[in-house]
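Visitor: I have a model open and would like to walk through how it packs. Can we take it piece by piece?

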Amino acid sequence: MFTLDFDGSPPQLGLASADFVLEMHAVSMLQRTRRKQRLPLRLAHWITYSGSDEPLRLQPPADRVPEGRREIVVRHLTEYALAWGAWRRDELSPPDFLEAQHSLLTNPALDLAEGVSNRMPYPELIKALRVPERWEQDCLDLGRDRNRVKHRGLRHEAERYVERYEQAVYSVAHDVTGIDAVSSRTSIGYPTYPTDGGSPDG
């Protein structure tokens with residue numbers, strides 16, 4: 001079994017796909033069975049395809065996302081996915097990624113919740129968003145800690161905050177929109193076969 005692991009960040013997926021195809025070409029040339037040179041091109045295409053924002057657009061949104069708001073919701077999720085990837089590659093500072101996490105909660109609230117405005121306090125936006133109860137306190141704490149970093153200059157605290165709230169922000173966005181914005185890690189396996197013509201388990 002050959003396995004390719006990559007970090008799931010959109011800018012890396014094209015390179016991962018190219019590496020995957022080259023590796024599979026090499027493997028296929030070593031196989032003397034009828035599967036020789038039969039590459040998993042559909043899978044390789046899927047990897048490349050995932051590098052764009054199209055999978056976000058193709059995912060069916062939750063009932064809470066009206067047709068007229070879908071594009072802007074996908075845009076917010078795409079922006080977050082790019083920020084998440086940059087943070088994972090150490091190209092985005094923790095304070096900036098904390099701001100992206102905060103935005104991924106406030107923007108859907110402003111776009112999807114009823115009777116809200118950008119003048120409402122953050123806790124009221126979270127309440128209006130009707131986040132799952134198990135994540136509500138984490139969302140409220142994120143707003144408090146984001147204010148510590150942004151308004152009190154405690155930037156050194158941001159690293160532990162983004163790690164603490166990463167799962168909560170992702171889960172809330174998924175629960176509210178029905179769209180899976182990011183995947184923390186992807187592993188792809190391609191089975192190889194014995195050169196004596198036997199089965200993989202033989």
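Visitor: In which hand does helix 5 pass helix 8, left or right?
Guide: Helix 5 passes helix 8 in a left-handed crossing. Bear in mind that this is a predicted model.

Visitor: What about the angle and distance for helix 5 and helix 8?
Guide: Their axes come within 9 Å and cross at roughly 25°. An angle under 35 degrees counts as roughly parallel, so helix 5 is roughly parallel to helix 8.

Visitor: Which residues meet there, between helix 5 and helix 8?
Guide: From helix 5, the residues include Pro94, Phe97, Leu98, Leu105 and Leu112. Among those they meet in helix 8 are Ala158, Tyr161, Tyr165, Val169, Val172 and Val176.

Visitor: Let me back up. How many helices and strands does the protein chain have?
Guide: The protein chain has eight helices and two strands. From the N terminus on, the elements run β-α-α-α-α-α-α-α-α-β.

Visitor: And what share of the residues is buried?
Guide: Buried residues make up 41% of the 202 residues in the protein chain. As for contacts with a separation of 6 or more, 65% are between residues 24 or more positions apart.

Visitor: How many residues are in the largest nonpolar core?
Guide: That core has 40 residues, and those with the most contacts inside it are Phe97, Leu105 and Val172. Helix 4, helix 5, helix 6, helix 7 and helix 8 each supply at least two residues of it.

Visitor: Which helix gives the most to this core?
Guide: Helix 8 does, with nine residues.

Visitor: You mentioned Val172. What is Val172 in contact with, leaving aside neighbours within four places in sequence?
Guide: With those neighbours left aside, Val172 is in contact with Leu105, Leu129, Val131, Pro132, Trp135 and Cys139.

Visitor: Cys139, then. Where does Cys139 lie, and is it buried or exposed?
Guide: Cys139 lies in helix 7. Its relative accessible area is 2%, and the cut-off for buried is under 20%, so Cys139 is buried.

Visitor: What does Cys139 contact, again leaving aside neighbours within four places?
Guide: On that basis, Cys139 is in contact with Leu105, Tyr122, Ile126, Val131 and Val172. Cys139 and His102 are 8.5 Å apart in space, C-alpha to C-alpha, and 37 residues apart in sequence.

Visitor: Staying with helix 7, how does helix 7 pack with helix 6?
Guide: Helix 6 and helix 7 pack at an angle of about 155°, with their axes 10 Å apart. The pair is therefore roughly antiparallel, and helix 6 passes helix 7 in a right-handed crossing.

Visitor: Which residues make the contact?
Guide: Helix 6 uses Tyr122, Pro123 and Ile126. Helix 7 uses Glu136, Cys139, Leu140, Leu142 and Gly143.

Visitor: What about helix 5 and helix 6, at what angle do they pack?
Guide: Helix 5 and helix 6 pack at about 65°, with their axes 9 Å apart. The crossing of helix 5 and helix 6 is left-handed. His102, Leu105, Thr106, Pro108, Ala109 and Leu110 in helix 5 meet Tyr122, Leu125, Ile126 and Leu129 in helix 6.

Visitor: What does Arg146 touch, not counting residues up to four places away in sequence?
Guide: Arg146 touches Leu98, Glu99, His102 and His151 on that count.

Visitor: Changing topic to rings: how many aromatic pairs are there?
Guide: The count comes to two aromatic pairs. In one of them, the rings of Trp87 and Phe97 have their centres 4.6 Å apart and their planes at 10°. Planes under 30 degrees apart count as stacked, so this pair is stacked.

Visitor: Where in the chain do Trp87 and Phe97 sit?
Guide: Trp87 is in helix 4 and Phe97 is in helix 5, ten residues apart.

Visitor: Are Trp87 and Phe97 buried or exposed?
Guide: Trp87 counts as buried at 12% relative accessibility. Phe97 is buried too, with a relative accessible area of 0%.

Visitor: Which residues do the ring pairs link into a cluster?
Guide: Ring pairs link Tyr80, Trp87 and Phe97 into a cluster.

Note on methods
Residues numbered from 1 in each chain as written. Predicted model: local features only at pLDDT ≥ 70, side-chain atom pairs only at ≥ 80, totals over all residues. Heavy atoms only, no water. Phe/Tyr/Trp six-rings, centres within 6.5 Å; stacked < 30°, edge-to-face > 60°. Helix = DSSP H or I, 4+ residues; strand = E, 2+ residues; numbered from the N terminus. Buried < 20%, exposed > 50% of the residue type's maximum accessible area, 1.4 Å probe, protein only. Core = buried A, V, L, I, M, F, W, Y, C linked by side-chain atoms within 4.5 Å. Contact = heavy atoms within 4.5 Å. Axes fitted to C-alpha atoms, helices over the stretch in contact; angles between N-to-C directions. Parallel < 35°, antiparallel > 145°, perpendicular 65-115°, else oblique. Left-handed = near helix turned anticlockwise from the far one by under 90°.
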